[in-house]
Amino acid sequence: MIILDRFEENTAVLETADGMLNVSRCLLPPEAAEGDVLRLTPDGYVVDNEQTQLRREKILSRIRNLKKQS
């Protein structure tokens, strides 16, 4: 899984299974946002909207559970 961690000027910082990877921001689709799950295809990076949504829902669920415990 590749996750768009952040942008640093014209560089995108990606989190991969092998660690962090810096790529040119222009290699990502214009709609890519921090936290998106990306897939590398023969045509380049694409946003995996389904996996991004599942990941966001999982994170929100964890936050709700933590709030219940406090």
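This note reviews the fold, surface and selected local features of the structure above.

1. The model is predicted: local features need pLDDT of at least 70 and side-chain atom pairs pLDDT 80 or more, while totals for chains, interfaces and linings use all residues. Residues are numbered from 1 along each chain as its sequence is written, and side-chain values use heavy atoms, with hydrogens and water left out.

2. The chain contains five strands and one helix, arranged along the sequence as β-β-β-β-β-α. Helices (H or I, at least four residues) and strands (E, at least two) are DSSP runs, numbered from the N terminus. The C-alpha atoms occupy a box of roughly 45 × 25 × 25 Å along the principal axes.

3. Of the 70 residues in the chain, 27% are buried; buried denotes under 20% relative accessible area, exposed over 50%, and partly exposed in between (1.4 Å probe, protein chains only).

4. Glu9 lies in the loop between β1 (2-8) and β2 (11-16). Although Glu9 is not a glycine, its phi is positive, at about 55°. Most residues other than glycine have a negative phi. Glu9 counts as exposed, because its relative accessibility is 73%.

5. The charged end of Arg25 sits over the ring of Phe7, 3.7 Å from the ring centre. This term requires NZ of Lys or CZ of Arg within 6 Å of the ring centre and within 35 degrees of the ring normal.

6. Among contacts (heavy atoms within 4.5 Å) in the chain between residues at least 6 apart in sequence, 26% join residues at least 24 apart.
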